[in-house]
Amino acid sequence: MARPPGPPGEGCEECLALGWTWSRLRWCTTCGHVGCCDSSRGRHAHAHFESSGHPVALSLDPLERWGWCYADELFLVESP
(Lines give C-alpha, C1' and ligand atoms only; values in the text may rest on other atoms or scores of the structure.)
Protein backbone atom coordinates (compact mmCIF):
# COMPACT_ATOMS: atom_id res chain seq x y z
CA MET A 1 0.00 0.00 0.00
CA ALA A 2 1.26 3.43 -0.87
CA ARG A 3 2.24 5.77 1.92
CA PRO A 4 1.39 9.44 1.48
CA PRO A 5 4.47 11.61 0.84
CA GLY A 6 3.86 13.59 4.03
CA PRO A 7 1.13 14.13 6.56
CA PRO A 8 -2.04 14.98 4.65
CA GLY A 9 -3.53 18.19 5.98
CA GLU A 10 -2.39 20.01 9.08
CA GLY A 11 -2.63 17.16 11.60
CA CYS A 12 -5.31 15.31 13.53
CA GLU A 13 -8.58 16.61 12.10
CA GLU A 14 -10.56 16.32 15.35
CA CYS A 15 -7.79 17.72 17.58
CA LEU A 16 -7.41 20.73 15.28
CA ALA A 17 -11.15 21.41 15.55
CA LEU A 18 -10.95 21.18 19.37
CA GLY A 19 -7.72 23.17 19.72
CA TRP A 20 -5.92 20.15 21.21
CA THR A 21 -2.38 18.88 20.59
CA TRP A 22 -1.50 15.28 19.75
CA SER A 23 1.42 12.91 20.14
CA ARG A 24 1.65 11.02 16.83
CA LEU A 25 -0.49 10.80 13.72
CA ARG A 26 -2.09 7.78 12.07
CA TRP A 27 -3.35 7.64 8.47
CA CYS A 28 -6.38 5.52 7.53
CA THR A 29 -5.48 3.45 4.46
CA THR A 30 -9.15 3.19 3.45
CA CYS A 31 -10.20 6.85 3.29
CA GLY A 32 -7.13 8.95 4.19
CA HIS A 33 -8.47 10.25 7.53
CA VAL A 34 -5.68 11.53 9.77
CA GLY A 35 -6.15 10.98 13.49
CA CYS A 36 -4.03 10.97 16.61
CA CYS A 37 -2.61 7.83 18.21
CA ASP A 38 -3.80 6.02 21.33
CA SER A 39 -1.15 7.86 23.38
CA SER A 40 -2.80 11.16 22.50
CA ARG A 41 -5.60 12.81 24.44
CA GLY A 42 -8.29 12.21 21.83
CA ARG A 43 -7.33 8.75 20.49
CA HIS A 44 -9.01 9.90 17.26
CA ALA A 45 -7.48 7.28 14.95
CA HIS A 46 -9.04 4.56 17.13
CA ALA A 47 -12.33 6.47 17.28
CA HIS A 48 -12.28 6.68 13.48
CA PHE A 49 -11.98 2.88 13.28
CA GLU A 50 -14.85 2.47 15.76
CA SER A 51 -17.17 4.76 13.77
CA SER A 52 -16.15 3.76 10.24
CA GLY A 53 -14.96 0.16 10.50
CA HIS A 54 -11.85 1.07 8.49
CA PRO A 55 -9.36 -1.40 9.97
CA VAL A 56 -5.82 -0.33 8.98
CA ALA A 57 -3.90 2.82 9.88
CA LEU A 58 -0.27 3.65 9.13
CA SER A 59 1.97 5.67 11.39
CA LEU A 60 2.85 9.03 9.81
CA ASP A 61 5.94 9.48 11.96
CA PRO A 62 8.86 9.54 9.49
CA LEU A 63 10.89 7.27 11.79
CA GLU A 64 8.15 4.63 12.04
CA ARG A 65 7.46 2.21 9.18
CA TRP A 66 4.51 0.27 10.49
CA GLY A 67 0.76 0.05 10.62
CA TRP A 68 -1.92 -1.34 12.88
CA CYS A 69 -5.00 -3.38 12.08
CA TYR A 70 -7.59 -2.41 14.67
CA ALA A 71 -10.01 -5.19 13.65
CA ASP A 72 -7.50 -8.01 14.15
CA GLU A 73 -5.22 -6.21 16.65
CA LEU A 74 -2.20 -6.93 14.45
CA PHE A 75 1.00 -4.94 14.16
CA LEU A 76 1.96 -4.58 10.47
CA VAL A 77 5.56 -3.94 9.47
CA GLU A 78 6.18 -2.27 6.12
CA SER A 79 8.75 -3.90 3.87
CA PRO A 80 11.53 -1.70 2.49
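How many bridges join strand 4 to strand 5? Four bridges join these two strands, which run antiparallel; strands and helices are DSSP runs numbered from the N terminus, with at least two residues (E) for a strand and at least four (H or I) for a helix, and two strands pair if DSSP finds at least two bridges between them. The model is predicted, so that local features need pLDDT of at least 70 and side-chain atom pairs count only at pLDDT 80 or more, while totals for chains, interfaces and linings use all residues. Residues are numbered from 1 along each chain as its sequence is written, and side-chain values use heavy atoms, with hydrogens and water left out.

Strand 1 (25-28) pairs with strand 2 (34-36) in the antiparallel sense over three bridges. Within this pairing, arginine 26 stands opposite glycine 35 of strand 2. The two strands form a hairpin with five residues between them, and glycine 32 in the turn has a positive phi of about 90 degrees. Strand 1 also pairs with strand 3 (residues 56-59), again in the antiparallel sense and over three bridges. Here alanine 57 in strand 3 is the bridge partner of cysteine 28. Alanine 57 has a bridge partner in strand 4 as well, namely tryptophan 68. Strand 3 and strand 4 run antiparallel and are joined by three bridges, and a hairpin links them through six residues. Tryptophan 68 in turn has phenylalanine 75 of strand 5 as bridge partner.

Both faces of strand 1 are covered, with Leu25 and Trp27 buried on one side and Arg26 and Cys28 buried on the other; buried means under 20% relative accessible area, exposed over 50%, and partly exposed in between, for a 1.4 Å probe and protein chains only. In a regular strand the side chains alternate between the two faces of the sheet. Leu25 and Trp27 also belong to the largest nonpolar core, which has eight residues, the others being Cys12, Cys15, Val34, Cys36, Leu58 and Leu60. A nonpolar core is a set of buried Ala, Val, Leu, Ile, Met, Phe, Trp, Tyr and Cys residues joined through side-chain atoms within 4.5 Å. Strand 1 and strand 2 each supply at least two residues of this core.

Serine 59, in strand 3, is buried, with a relative accessible area of 0%. A polar atom of its side chain lies 3.2 Å from the backbone nitrogen of aspartate 61.

Helix 2 (residues 44-52) has the buried residues His44, Ala45, His48 and Phe49. Seen down the helix axis, these residues fall within an arc of 150 degrees, so they line one face of the helix; the arc is that of the directions from the axis to the C-beta atoms. The face turned away from the buried side carries the exposed residues Glu50 and Ser51.

Two aromatic pairs are counted, where rings of Phe, Tyr and Trp (its six-membered ring) pair if their centres lie within 6.5 Å, and planes under 30 degrees apart count as stacked, over 60 as edge-to-face and the rest as tilted. The rings of phenylalanine 49 and tyrosine 70 are stacked, because their centres are 5.3 Å apart and their planes stand at 15 degrees. Phenylalanine 49 lies in helix 2 and tyrosine 70 in the loop between strand 4 (66-69) and strand 5 (74-77), so the pair ties together parts that are 21 residues apart in sequence. Both phenylalanine 49 and tyrosine 70 are buried. The rings of tryptophan 66 and phenylalanine 75 have centres 5.2 Å apart and planes at 35 degrees, so this pair is tilted. Tryptophan 66 counts as buried, at 18% relative accessibility.

Arginine 41 lies over the face of tryptophan 20, at 3.9 Å from the ring centre; a charge sits over a ring if NZ of Lys or CZ of Arg is within 6 Å of the ring centre and within 35 degrees of the ring normal. Arginine 41 is placed in the loop between strand 2 and helix 2 and is exposed, with a relative accessible area of 62%. The C-alpha atoms of arginine 41 and tryptophan 22 are 6.7 Å apart, with the two residues 19 apart in sequence.

Most residues other than glycine have a negative phi. Arginine 43, in the loop between strand 2 and helix 2, has a positive phi of about 50 degrees and counts as partly exposed at 37% relative accessibility. Glutamate 73 also has a positive phi of about 50 degrees; this residue belongs to the hairpin of strand 4 and strand 5, which has four residues between the strands. At 61% relative accessibility, glutamate 73 counts as exposed.

Key. A polar contact is a pair of N or O atoms within 3.5 Å; within protein, one must be able to donate a hydrogen and the other to accept it, and residues adjacent in sequence count only if both atoms are side-chain atoms.
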